[in-house]
Amino acid sequence: MFSTPYIAGKAIDIPASALTDVLNPANQRPFAKVFMAQEQHMRAAIDAADAAKASWAATPPSERERILHRAADGLESAKQEIVDLLIEEGGSTFGKAMFEVPFPTNMVHSIAGEARRIQGEVFSSDGPGLFSMAIRRPLGVVAGISPFNFPVILSLKKVAFALAAGNTFVLKPSEETSLLGLKLAEVFERAGVPAGVFNVVPGDGPAMARVIFDDPRVKLVTFTGSTAVGRIIATECAKRGKRVVLEMGGKSPVIVLKDADIDYAVDTACFGIFIHQGQICMAGSRIIVEAPVYEEFLKRFAAKAQTMKVGDPRDPHTVIGPLIRSTQCPMIDGKVKAAVAAGARLLTGGTYEGNFYHPTVLADVTPEMAVFRDELFGPVAAVSKAKDAEHALALANTSVYGLSSAVLTNDLQLAMRFAMELEAGMVHLNGPTIHDEATVPFGGVKDSGSGREGGRWSMDEMTEVKWVTIQMGRHPYPF
């Protein structure tokens, strides 16, 4: 297993004494070692990507497609290794880890086909004898910064689309899941990706980002992570004229209207906030329930939350595993206690041991409370009462975020109104806030990001448009 930066087709040689321990978030014990790169390693990775960009852009789409299909097959072959790393390094529960391998395998197979579907356009021109068209060309070097929570899916979504479009790529994985980023390098190497086309450089985020920002050869930075960091990236890239795709934070609402199936709404809401301990940008952390069914929903929702097993992430029955770092539980607990002091009802949870925060349900949450406004990245459901559907819509839109949303109702008219008026990049009617597919325009509005990932939207982001004209015959000039 690679434990050092993967640059120009090989893991670089580093003395064993320079490696640092990787801690298991469940027990805080070291289980592996990794090297955190220095700025010169990121520069070397960009050098390698730049040197490989012309030959990779000239590689026939059919060959890029074949390599990506082999990479997808390689992910399937490495399934158990990846599952183990997701649990040991990323704090995933067994169930979440088992999900995070088949999904990207299928996703990369789908993305492989995009290499053949890079489309241009032909225009009607007013110029006599003028043939006018737009073509798409690769950007060149693309850099991606991926998060810890779904490190395989969210890294591969960036890497595979970039490679399919003919770009070379430098991945800076999260410091908490560096080994998973390096495992992807192994998979792509075995798939036959040429040296320099895909490079992985784990390291300190700000230090690595400075190199990426300052190098004019990096044409696009694609990022998934917090809104605070995303704003810095957007600002620094804007100063230098770099393109960005940002998928940032969220405080996604789950809206339960009075005609909804309550048991189904409870199941949907529980999945949306408690999978992976709520450490998902799409987590349905704000639950807005119409008044006539509010108390009944609360009773059933809290009862289900109390049944969720907390503990060993390797146990297939565990739902709530560890949070990624030791600072999370105290921060979350402070905001839960502040909400209770401000008038919220604590129905269950509100306690923690080590890195394990128990599934928590807060009722009577108002927009003034931090648990309503702030992305906690933990298993805390903030439930608010809406007087009616109009009030529910207003509460849902009372947020600086706008990533995902869910509406539980059997009223088609209301469902479509919410779909049109919710301030979110994604609206799921009678489904959870957490959903993704390789071919859809995934992304948010407001403080949740800009740009879209998935299908032709990613291919548009990963290429540049060039206008080309061909003059047939002689162009008439006025002088």
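## Close-up views of the predicted model

**View 1.** Arginine 240 has a relative accessible area of 36% and is partly exposed. Here buried means under 20% relative accessible area, exposed over 50%, and partly exposed in between (1.4 Å probe, protein chains only). The model is predicted: local features need pLDDT of at least 70 and side-chain atom pairs count only at pLDDT 80 or more, whereas totals for chains, interfaces and linings use all residues. Residues are numbered from 1 along each chain as its sequence is written, and side-chain values use heavy atoms, with hydrogens and water left out. The side chain of arginine 240 meets that of glutamate 236 in a salt bridge, 2.8 Å from N to O; a salt bridge is a side-chain nitrogen of Lys or Arg within 4 Å of a carboxyl oxygen of Asp or Glu. The two residues are four apart in helix H9 (residues 227-240), so about one helical turn separates them. Helices (H or I, at least four residues) and strands (E, at least two) are DSSP runs, numbered from the N terminus. Glutamate 236 is buried, at 18% relative accessibility.

**View 2. A salt bridge joins arginine 325 and glutamate 176.** Their closest N and O atoms are 2.8 Å apart. Arginine 325 lies in the loop between helix H11 (294-306) and helix H12 (328-341), and glutamate 176 in the loop between strand S8 (168-172) and helix H7 (178-191), so the pair ties together parts that are 149 residues apart in sequence. Arginine 325 is partly exposed at 31% relative accessibility, and glutamate 176 is partly exposed at 24%.

**View 3. Glutamate 295 and arginine 345 meet in a salt bridge.** The N to O distance is 3.1 Å. Glutamate 295 belongs to helix H11 and arginine 345 to strand S14 (residues 345-348); the pair links distant parts of the chain, 50 residues apart. Both are partly exposed: glutamate 295 has a relative accessible area of 44%, and arginine 345 has 31%. The count for the structure comes to 38 salt bridges. Asp47, Asp50, Lys53, Asp215 and Arg217 are linked in a network of such bridges.

**View 4. The largest nonpolar core has 93 residues.** A nonpolar core is a set of buried Ala, Val, Leu, Ile, Met, Phe, Trp, Tyr and Cys residues joined through side-chain atoms within 4.5 Å. Phe188, Ile287, Phe297 and Phe301 touch the most other members. Helix H6 (residues 151-164) contributes the largest share, ten residues. Apart from this core lies another, of 28 residues, including Ala143, Val170, Phe213 and Val218. Beyond its neighbours within four places in sequence, isoleucine 287 is in contact (heavy atoms within 4.5 Å) with Val254, Val256, Ala269, Phe297, Phe301, Ala381, Ala382, Val383 and Ser384.

View 5. A disulfide is a pair of cysteine sulfur atoms within 2.5 Å. The closest cysteine sulfur to that of cysteine 237 is in cysteine 281, 19 Å away, which is too far for a bond. Cysteine 237 is buried, with a relative accessible area of 0%, and cysteine 281 is buried at 9%.

**View 6. Leucine 393 lies in helix H14 (residues 389-397).** Leucine 393 is buried, at 6% relative accessibility. Not counting residues up to four places away in sequence, leucine 393 touches Arg417, Phe418, Glu421 and Leu422. Its C-alpha atom is 9.4 Å from that of glutamate 423, which is 30 residues away along the chain.
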